[in-house]
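Below is a short report on one protein chain. Look at the structure first, then read on.

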Amino acid sequence: MKSLALVGAGGAAGFCIAATLMHFAYGADAAASSAFHELTRFGEAYGYVRADYVVQPEDRDLVQGAIAGMLGNLDPHSSYFDPETFAEMQVKTDGQYGGVGLVIGSDEGVITVVNPIGGAPAEKAGLKAGDAILAIDGTAVTGMEVDMVEDKLRGDAGTKVVLNILHKDTKTPQDVTITRALVSVEAVTSKRNGEVGYIRIPAFNDQTNDGVKNAIAELRNQIGPTIKGYIIDLRDNGGGVLDAAIAVSDDFLETGEIVSTRGRGSSDVERYNAHPGDIAEGKPIIVLINGGTASASEIVAGALKDHKRATIVGMTSFGKGSVQTIIPLNGGEAGALHLTTARYYTPSGQSIQATGIIPDVAVEEGANRPEEQASAFQREADLPHHLNAEGVADDLKPAVINPTGKDYDDFQLTYALGLLQPALASTTPAVKAKHHG
Amino acid sequence: MKHYALVGAGVVAGFAAAMMLFPAAQGASNLSAYKQLDLFSDAFERVRANYVRPVDDGTLIDTAIEGMVSSLDPHSSYMDAKAFTDMQIQTKGEFGGLGIEVTMEDGLVKVISPIDDTPAAKAGIKPGDYIAAIDGTPVQGMALNDAIAKMRGPQGTKVTLTVLRTGEKKPFDVTLMRAVVRVDSVKYHREGDIGYIRLTAFNERTAPGLEKAIRDLKSQIGSGIKGYVIDLRNNPGGLLDQAIDVSDDFLNSGEVVSTRGRHPEDTQRYNAKPGDLTGGKPVVVLINAGTASASEIVAGALQDHRRATILGMTSFGKGSVQTIIPLSEGGGALRLTTARYFTPSGHSIQAMGIQPDIAVAQGNEDDVSKLVRPSEADLPGHLTGENATKKDPVPVIRAAPGKKYDDFQLAYALDLLHGKLTVSAVTTKSAYAN
């Protein structure tokens, strides 16, 4: 193979492609020859488009379009990240970026603060939801794409940015100078609820495990030895980084398997095991899930359920039990493949895919969360081209508990608190069982 | 390219790979082309090797080609082998089928009308009937195209429709024998002393159909014929050569249309041959926002040669040419945008459309939202026009308030040919005719 040599014009280019293809062309096995035949068909189409399209196309765009088409058709989670998206995504999974800490949107072209992130520089500078951002460092941003404005807000921690702000209730814009800092994208939050510690994990990123550990330590400090237990809220947590989900599960488990991923070949099995130590010191845990609980969240719920370390309360989760691997092309310069390479299995060997995690206690959302009631979560099994479930025993689903007669801000949370603090059980509502559809 | 020489093991295979994979590669700019192709084969190989379950190589490449081509513009696409065959059937204007025009309503297929002398008409299928199942398969949840595909098939084969009809309590089954159905793209009748001809599409039978229509109308109306209305409203286009033939039927000489590709040598001009089938009688062409592509070529040619008065609203603006490029050995075909259309005066149709000489609104334009009927300029990734200048706003003529016409544009066109205004109209200024 290495002894190939090319002479003549265009030799270098010819060599490159010939060498790449040698392992297809070489050897006569059927699979390689089919691949070679198909690749040739692609080459033919590519050649025609380059030569005949009405305007000169960029080779890069053609190939990016092709890779995106190929990946996008495999299943709902496989996709191609072009170089720009890939760079952006790396910022997201790191969980941190240098910025001012604002969630912004565009309201008919006017860039508006949707939400300042708690504790971040923008909030400290007094920015509030509804404020309009008119200019950044003297450049007017009205009418600009939100993505572009976000880019302008970002920068290294310690650098300054001047925002021209029209506060919601004022008529004169004013300049606000903000020093950028490292901002966490999706931080873990916690609060004390009587003698129960409540921890909300909105996503799994590289900061999540530290966030959970800090939250537990803080709650234990606040509540003291009488602490009854913890509620870990994974509702609407769409997932994130696998390692973070494993680390968070491990926080509460002493031993045993957390999750396994199984790829195409029988040897492509990876098992992840817990290490000794339970940061909650064996206190009861309730994990809240719903139809928006997906992927990495389902790993945590599944592991804690199978080991009977937590009681799972809420509604059946989304059912995204597939693993995507990021495969950078040309070292990331050409973007990356986000390719489904394996399925997740809970310690008991249950596939999460398309089935989801079924709660131990099925409790409906309260009527006061209308936005979720209305959306009636689309689940993995509803997505076109979803992977089928594999090795799933048809579990007996528990009857659903739902609020009757009364309004609750958050019925699932109320119910979970009732479970952990039986003294409060009198506040737990009359319930009615119905079959879970 | 042909002077490559290879030394060493695997020479033949390696050489073949480079040549076969990229037959169209020539010249120095191909370094980038090869690099990108290399990148693609890398991605392909990784998907083959690592995807969670085995995937068919052919499917991967089908979707890759589709992704590449459809990212170019809204009209470029890839047809796999089956879609390619279907398309050939459609443009021929005949296929094995039942002969019903259908639409989708409440998740069921609704019959608009059975076409005369077809199996559906003979079996008594009526307008307004709903088709609930085809060969026992419920239609509910099916896309309209899939339902149509199920009804089509080779002539002589049978299909059973489960029909729901107003007034009938129960659905009933009708079994029909498929036959060759000719899609008539030309409809015509006399409007007093004026010949009205509607072209619904441009397929292989359109120009001959038009020629027959003109002959028939001439003999029906006789020498007192005042002129013709050619109705191209909602005609989405079709075959280029048919559009040229149709234009040529009214023109004696001069250019009909030119297509210009990427390179100057790609320019093709199509010229009219002597002979005007209508003997120079006045012609009014009706257009609207649904008039696209081949229809716009006809409207543009007759407008530029002042052979017809164009009446109605600005057309869609699809001024690009797609060429069908079959890939070798049943590998499907590319439907690739290869050129733009230009009217004889050098005006690009692309994204601008044909502006009417007399802007007349039908009155229902506001009912049809932009979402339902976008124009070319609304499509994502559309090609921009070239040599296109937006003309001054034209005043728009509308039916007078309170007056209702079945077809105001046609009524106005007939008045125009008669040289007298019988419709009650108002003119609104300062609006684009779109």
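A:N193 stands opposite A:V196 in β12(A). Strand β11 (residues 189-193) of chain A and strand β12 (residues 196-200) of chain A pair in the antiparallel sense, over five bridges; two strands pair if DSSP finds at least two bridges between them. The hairpin of β11(A) and β12(A) has two residues between the strands, and A:G194 takes a positive phi near 65° there.

This is a predicted model, in which local features need pLDDT of at least 70 and side-chain atom pairs count only at pLDDT 80 or more, while totals for chains, interfaces and linings use all residues. Residues are numbered from 1 along each chain as its sequence is written, and chains are lettered from A and ligands numbered from 1 in the order in which they are written.

Chain A has 11 helices and 22 strands. Helices (H or I, at least four residues) and strands (E, at least two) are DSSP runs, numbered from the N terminus. Of the 437 residues in chain A, 44% are buried, that is, with 20 or more other C-beta atoms, placed from the backbone, within 10 Å of their own. Among contacts in chain A between residues at least 6 apart in sequence, 69% join residues at least 24 apart; residues are in contact if their C-beta atoms, placed from the backbone, lie within 7 Å.

Two packed helices are described by the angle between their axes and the distance between the axes. Axes are lines fitted to C-alpha atoms, for helices over the stretch in contact, and angles run from 0 to 180 degrees between N-to-C directions.

| Helix pair | Angle | Axis distance |
|---|---|---|
| α7 (residues 208-223) and α8, chain A | roughly 25° | within 8 Å |
| α8 (residues 242-252) and α9 (residues 296-306), chain A | about 25° | 9 Å |

α7(A) and α8(A) are therefore roughly parallel to each other, a term for angles under 35 degrees. Their contact is made by A:T208, A:N209, A:V212 and A:K213 of α7(A) with A:A244, A:A247, A:V248 and A:D251 of α8(A). By class, this contact has four nonpolar, two polar and two charged residues.

α8(A) and α9(A) are therefore also roughly parallel to each other. Residues of α8(A), including A:L242, A:A245 and A:F252, meet residues of α9(A), including A:I299, A:V300 and A:L304. The contact of α8(A) with α9(A) has 10 nonpolar, one polar and no charged residues. Ala, Val, Leu, Ile, Met, Phe, Trp, Tyr, Cys and Pro count as nonpolar, Asp, Glu, Lys and Arg as charged, and the others, Gly among them, as polar.

Technical notes: Parallel < 35°, antiparallel > 145°, perpendicular 65-115°, else oblique. Contact = placed C-beta atoms within 7 Å. Buried ≥ 20, exposed ≤ 12 C-beta atoms within 10 Å, placed from the backbone.
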